[in-house]
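We will go from the whole chain to single residues.

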Amino acid sequence: MNRSRQVVAAAAALTVLAEAVGLGGMHWVLGLAVRAQEMSLAGLSTSTMSASVWVGGALLAVFLLACAGALALVALRDRLGGRWSRALIVGALVTQAVLAVIAVGMVGWWAFAALMALFGLLLLTLCFSYPSPAGAPEPVTA
């Protein structure tokens with residue numbers, strides 16, 4: 001059993017879970033703000049715009065919750081799951097990179113650094129979960 005792999009996967013799962021809750025809540029508040037406005041964007045009503053913000057936020061939150069579940073399973077089982085689990089983690093890596101690039105322009109460098117730290121946790125989880133190549137020495141664990 002590789003304890004460091006489990007700790008990294010558990011930390012990534014908790015962080016992605018917190019991100020899912022935070023982004024879901026942020027999209028809910030943004031939907032409320034859009035609904036309260038009096039403007040129209042390209043002829044769209046405010047109810048249509050707020051509904052699309054809520055649906056987009058819900059889809060993103062559900063995706064991140066699925067990723068957190070896959071990471072929690074990695075932490076519990078001490079091995080990476082099948083093809084779907086790997087696809088979720090790779091999808092989360094791409095999502096983190098895109099969110100980090102957007103965050104640096106809209107929020108600042110501290111948000112970029114936080115998202116890149118989560119990117120590193122996800123990448124470590126993915127890399128730790130693959131077996132060592134043939135002939136490579138096993139890492140020493142205490």
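A residue counts as buried when its relative accessible area is under 20%. By that cut-off, 32% of the 142 residues of the chain are buried. Keep in mind that this is a predicted model.

**Stop 1: the whole chain.** Show the chain as a cartoon. You will find four helices and zero strands. From the N terminus on, the elements run α-α-α-α. Now think about contacts between residues at least 6 apart in sequence: 65% of them join residues at least 24 apart.

**Stop 2: helix 1 and helix 2.** Select residues 3-36 for helix 1 and 46-77 for helix 2. Their axes come within 8 Å and cross at roughly 170 degrees. Angles over 145 degrees count as roughly antiparallel, so that is how helix 1 and helix 2 lie to each other. Look at the residues in the contact of helix 1 with helix 2: 26 are nonpolar, eight polar and two charged.

**Stop 3: along helix 2.** Hide the rest for a moment. Helix 2 has 32 residues. From its first C-alpha to its last it reaches 46 Å, close to the 46 Å expected at 1.5 Å a residue. Which residues of helix 2 are buried? Among them are Met49, Trp54, Gly57, Leu64, Cys67, Leu71 and Val74. Bring the other helices back. The cover over these buried residues includes helix 1, helix 3 and helix 4. Then step just past the end of helix 2 to Asp78, which takes a positive phi of about 65 degrees.

**Stop 4: the core.** The largest nonpolar core has 19 residues. Select Val16, Leu71, Ile89 and Leu122, which touch the most other members. Helix 1, helix 2, helix 3 (83-106) and helix 4 (109-128) each give two or more residues to this core. In soluble globular proteins, nonpolar side chains tend to be buried together.

Zoom in on Leu71. What does Leu71 touch, not counting residues up to four places away in sequence? The answer is Ala9, Ala12, Ala13, Val16, Ile89, Leu122 and Thr125.

**Stop 5: Leu99.** Move to helix 3 and pick Leu99. Is Leu99 buried or partly exposed? Its relative accessibility is 22%, so Leu99 counts as partly exposed. Leaving aside neighbours within four places in sequence, Leu99 is in contact with Glu19, Leu23 and Leu115. Last, select Phe112, which is 13 residues from Leu99 along the chain. The C-alpha atoms of Leu99 and Phe112 are separated by 8.2 Å.

Conventions:
Residues numbered from 1 in each chain as written. Predicted model: local features only at pLDDT ≥ 70, side-chain atom pairs only at ≥ 80, totals over all residues. Heavy atoms only, no water. Core = buried A, V, L, I, M, F, W, Y, C linked by side-chain atoms within 4.5 Å. Buried < 20%, exposed > 50% of the residue type's maximum accessible area, 1.4 Å probe, protein only. Contact = heavy atoms within 4.5 Å. Axes fitted to C-alpha atoms, helices over the stretch in contact; angles between N-to-C directions. Parallel < 35°, antiparallel > 145°, perpendicular 65-115°, else oblique. Nonpolar A, V, L, I, M, F, W, Y, C, P; charged D, E, K, R; others polar. Expected span 1.5 Å × (residues − 1).
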